[in-house]
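Let's take a walk through a protein model, from its inside to its aromatic rings. Have the chain open and follow along.

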Amino acid sequence: MSEFGAGFLDQAALIALYMLSASFLLTVLRVIIGPTLPDRILSLDMLVSIVIGFIAVIGIRSGFALYVDIAIALGLVGFLATVAFARFVMMRGHVGDDTKADEIEQERTS
């Protein structure tokens, strides 16, 4: 790789790390603030995606292909966790909107 290409890739990875750090902090703020459980679940899913981005960028900077496998495994675990949380919210029937909870309860009784 030419020196210009290596320098450009290094700068792009550095900018990506800064942007991922900012998005990570904003997403953590969303997890803390909420206000509803589905908002927090989506925020946690977003955190997993951001961490996958971190791992990918670090893999590019270091040149180790093993990081790609770790990112894929984390993506699978994150997907399963999101599905489990969504199923929990669905079974619980309360998503912050009482009208939806009433509709779900009526469907269960009928």
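A13, L17, L20, I50 and V57 form the largest nonpolar core, with five residues in all. A nonpolar core here is a set of buried Ala, Val, Leu, Ile, Met, Phe, Trp, Tyr and Cys residues joined through side-chain atoms within 4.5 Å. Buried means under 20% relative accessible area, exposed means over 50%, and partly exposed is in between (1.4 Å probe, protein chains only). Helix 1 and helix 2 each supply at least two residues of this core, and the largest share, three residues, comes from helix 1. In soluble globular proteins, nonpolar side chains tend to be buried together.

Before going on, a word on the source: this is a predicted model, where local features need pLDDT of at least 70 and side-chain atom pairs count only at pLDDT 80 or more, while totals for chains, interfaces and linings use all residues. Residues are numbered from 1 along each chain as its sequence is written, and side-chain values use heavy atoms, with hydrogens and water left out.

Now for the helices, which are DSSP runs (H or I, at least four residues) numbered from the N terminus. Helix 1 has 31 residues and spans 45 Å from its first C-alpha to its last, close to the 45 Å expected at 1.5 Å a residue; the expected span is 1.5 Å times one less than the number of residues. Its buried residues are A13, L17, L20 and T27, and helix 2 is among the things covering them. Take A13: leaving aside neighbours within four places in sequence, A13 is in contact (heavy atoms within 4.5 Å) with V57 and R61.

Helix 2 has 26 residues and reaches 37 Å between its first and last C-alpha, close to the 38 Å expected. Among its buried residues are I41, L47 and G53, and their cover includes helix 1 and helix 3 (66-92). G63 follows helix 2, and its phi is positive too, near 85°.

Finally, how do the aromatic rings pair up? Rings of Phe, Tyr and Trp (its six-membered ring) pair if their centres lie within 6.5 Å; planes under 30 degrees apart count as stacked, over 60 as edge-to-face and the rest as tilted. That gives two aromatic pairs. F4 and F8 are stacked, at 6.3 Å centre to centre with 25° between the planes. Both lie in helix 1 (residues 3-33), four residues apart, about one turn of the helix.
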